[in-house]
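Good morning, everyone, and thank you for coming. Please take a moment to look at the chain on the screen, and then we will go through a few of its features together.

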Amino acid sequence: MSEMMDVLNNFKELPAMPNVIMRALTVIKNPESGAKELGNIISYDQALSTKVLTLVNSSYYGFAQQISSIPRAISLIGMLKAKNIIMTVAMRPMLTSMGGKILWEHAIKTAVGCELIAKRIKTVDPDDAFMAGFLHDIGKIILRSYDQKLYDRAESLGKEKGADIIEVERSFFKVDHCIIGSQLAQRWQLPILINNVIKYHHRPSLSSFVLPCLLVNVVDYLVRDNFDENDKGNSFNAIISSKFGDPKMLRDNIFSKANILLAELSR
Ligand SMILES: [Fe+2]
Ligand SMILES: [Fe+2]
């Protein structure tokens, strides 16, 4: 354990949360402030305002009429979705530079998948589900930026040899992406549910938020590159088939929605 703490101390330079997200989260937490304050935060940043409007007008949200003002956008989608949009827009530079394209796309696909399923099962809030899915692997950016070559080796061991990524990371870095991600979530003062999902999405039964962790755990599997819908003996496929129908159709649906967001966000 002390060895793990030593390694955590070596990661002292955890990145700061993008300022605009911090301000948005503060507004959301404060019962005294509302849509107007959140609108001010967005409007203050020209690039962010443009991006928010582009996203709200995209087919991902599917509004019939053109939305041209930030207050109108917030009133249509709600504060929590607006916060999630700010999060995805503001985190993109950090995720793509420190995590790479694959991790960025994985974050969006998992977010979209979690939101979509949460809307159906109605036991996890869809906006929480989106944020949890989006940030679940945030610890990977820390490990990867600490030693990219070593991290890529760890990942390919996990993918090619089917090794447990948590075990591989611990043997390479003395810490895994869930622990270091949870430290980052704590530093960023992210909601406890999000911190818990980051910490336990590979071990949902240990979490005090079992359902959101299970949701991310299942979607994480469903959106991965080497997903095999014909692997009937796989317990994930069995869970998905019994609860949500054909896994392949669900995956295709998630990917087509995620691709809309990815295209809009990369413009
Ligand atoms: Fe993970
Ligand atoms: Fe993941």
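At what angle do helix H4 and helix H6 pack, and how far apart are their axes? Before I answer, please keep in mind that this is a predicted model. Helix H4, which covers residues 46-56, packs against helix H6, residues 79-121, at an angle of about 120°, and their axes are 10 Å apart. Angles of 65 to 115 degrees count as roughly perpendicular and those over 145 as roughly antiparallel, so H4 is described as oblique to H6. The crossing in which H4 passes H6 is right-handed.

Which residues meet there? From H4 we have Leu48, Lys51, Val52 and Leu55, and on the side of H6 they meet Ile85, Ile86 and Val89. Sorted by class, this contact between H4 and H6 holds 6 nonpolar residues and 1 charged residue, with no polar ones.

Let me turn to another helix, H9, which runs over residues 148-160 and so has 13 residues. From its first C-alpha to its last, H9 reaches 18 Å, which is close to the 18 Å expected at 1.5 Å a residue. After H9 comes Gly162, and the phi of Gly162 is positive, near 65°.

Finally, the chain as a whole. Its secondary structure amounts to 15 helices and 0 strands, and its C-alpha trace spans about 50 × 45 × 35 Å along the principal axes. Because a compact globule of 267 residues would have a radius of gyration near 18 Å, the chain's own value of 18 Å agrees with that expectation.

Conventions:
Residues numbered from 1 in each chain as written. Chains lettered and ligands numbered in written order. Predicted model: local features only at pLDDT ≥ 70, side-chain atom pairs only at ≥ 80, totals over all residues. Helix = DSSP H or I, 4+ residues; strand = E, 2+ residues; numbered from the N terminus. Expected span 1.5 Å × (residues − 1). Axes fitted to C-alpha atoms, helices over the stretch in contact; angles between N-to-C directions. Parallel < 35°, antiparallel > 145°, perpendicular 65-115°, else oblique. Left-handed = near helix turned anticlockwise from the far one by under 90°. Contact = placed C-beta atoms within 7 Å. Nonpolar A, V, L, I, M, F, W, Y, C, P; charged D, E, K, R; others polar. Rg over C-alpha atoms; globule rule 2.2 N^0.38 Å.
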